[in-house]
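Have the structure open and follow along.

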Amino acid sequence: MTEQSQKILSDFQIRKSWGQKRAFRAWLRRELEGAGWTVTEERGRFSGTNVIAGDPEKAEVLFTAHYDTQAVLPFPNFITPRNMGVYLLYQLLIVVVMFFVVAVVSFCSALIGYMAELPTLAAMLPGWLVCAFCIWWVFFGRANRHTANDNTSGVVTLLESALTLPPELRDKACFVFFDNEERGMLGSAAFARKHKRVKAEKLVLNFDCVSDGSSIQFYPTSALKKDETALVRIEGAFLPQSGKTVEVVRGFGFYPSDNATFRRAAGVCALKKGKRLGWYMDRIHTDRDTVFQAENISLLTDGIRRMLAETACPERGGTRHA
């Protein structure tokens, strides 16, 4: 990895507060501009600040990743992209646990209120406060200090690719670092509103959590699944290496990230496989998010360069060197 990527891992894993984001953006901009990129920032009141290297309107492919990080939680964000039932069951379990805690607090406070003859509102207040605190913590709680996979890995993938991309390929690429994905994909939504043609027409590859898993998987949108030429192009560019597999998922699959904002996009992630669960992702949003497999980043940056060095060849249904 480059010296710049090492610095992100050592100095910039926390990018949650306004000040932390501002410091990271200033450093990121200096590094990209120092490497010859034209860098712009797009700001919004609620969407935060997106950092853009290159011209999204002229680029052939957009490579994206969110740079904001999340609050530390006692449980991971457990994702099973090919098993919707398990994914929804896990989300429901979290909600049930939260409401159980609220119910216990509410019952105890109501009992105390009844014995002390307190007004009903005063007796119910502790339960409401606990519920509000749980919701507040998810979005605004103490920053997770360990974000190797989510999403320092995606940021490093983009930066490594931008810094090492040959000058003759740069006009084909645009690298976009989104803000506020963790608050509901606000950054990518603002970007899509401003760049409507990009949202509707451009190929977008979004890298989110790509450093903890043996399989690099691409989850295309329904529109992209219909473009076999584009899927073959992705497969021809991103090749297995160092014991890692690569798959473009053509059947059922979902990936909840900024890729959902765009029509022709694919979410890119690294997954592990369980005997019963199938493919899954764990550890993220907790202090166990410390796994950073550099070989995954190497595979992806090699793939980005290979993809830009090739031009789609529709009449053959494949690719050829430009």
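**Entry 1: strand β6**

I started with strand β6 (residues 215–220), where 6 of 6 residues are buried, so the strand is mostly covered. For me, buried means under 20% relative accessible area, exposed means over 50%, and partly exposed lies in between (1.4 Å probe, protein chains only). Strands (E, at least two residues) and helices (H or I, at least four) are DSSP runs, numbered from the N terminus.

Before going on, I noted that this is a predicted model, in which local features need pLDDT of at least 70 and side-chain atom pairs count only at pLDDT 80 or more, while totals for chains, interfaces and linings use all residues. Residues are numbered from 1 along each chain as its sequence is written, and side-chain values use heavy atoms, with hydrogens and water left out.

Back to β6: which residues point which way? Ser 215, Gln 217 and Tyr 219 point one way, Ile 216, Phe 218 and Pro 220 the other, and all are buried.

Next I looked up the pairing partners, counting two strands as paired if DSSP finds at least two bridges between them. β6 runs parallel to strand β7 (residues 245–248) over 4 bridges, and Val 246 in β7 is the bridge partner of Ile 216. With strand β8 (residues 265–274), β6 pairs in the antiparallel sense over 6 bridges; there Ser 215 has Leu 271 as its bridge partner.

**Entry 2: Thr 221**

I then stepped into the loop between β6 and α8 (222–225), where Thr 221 lies. Thr 221 counts as buried because its relative accessibility is 16%. What does Thr 221 contact, leaving aside neighbours within four places in sequence? I found Asn 259, Phe 262, Arg 263, Arg 264 and Ala 265, with contact meaning heavy atoms within 4.5 Å.

**Entry 3: Lys 202**

Is Lys 202 buried or exposed? Lys 202 counts as buried because its relative accessibility is 10%. I located Lys 202 in the loop between α7 (196–201) and β5 (203–207). Apart from neighbours within four places in sequence, its contacts include Pro 56, Lys 58, Leu 62, Arg 197 and Arg 264.

I also checked polar contacts, that is, pairs of N or O atoms within 3.5 Å; within protein, one must be able to donate a hydrogen and the other to accept it, and residues adjacent in sequence count only if both atoms are side-chain atoms. A polar side-chain atom of Lys 202 lies 3.0 Å from the backbone oxygen of Glu 57. The Lys 202 side chain also reaches the backbone oxygen of Ala 59, at 2.5 Å.

Strand β4 (residues 173–178) is mostly covered, with 6 of its 6 residues buried. Ala 173, Phe 175 and Phe 177 are on one side, Cys 174, Val 176 and Phe 178 on the other.

β4 pairs with β2 in the antiparallel sense over 3 bridges, and Ala 53 has Phe 175 as its bridge partner in β4. Strand β3 (residues 61–66) runs parallel to β4, joined to it by 6 bridges; Val 61 is bridged to Ala 173.

On β2 (residues 48–53) I stopped at Thr 49. Thr 49 counts as buried because its relative accessibility is 8%. Beyond four places in sequence, the residues Thr 49 touches include Arg 25, Tyr 67, Phe 177 and Asp 179.

**Entry 4: the core**

A nonpolar core here is a set of buried Ala, Val, Leu, Ile, Met, Phe, Trp, Tyr and Cys residues joined through side-chain atoms within 4.5 Å. The largest has 50 residues, and Phe 63, Phe 175 and Leu 205 have the most contacts inside it. Helix α5 (residues 148–164) gives the largest share of this core, 7 residues. Not counting residues up to four places away in sequence, Phe 175 touches Trp 37, Phe 63 and Leu 158, among others.

In the model, residues 147–294 are 32% helix and 23% strand. Residues 87–115 are 100% helix, with end C-alpha atoms 42 Å apart; residues 121–140 are also 100% helix, with ends 27 Å apart.
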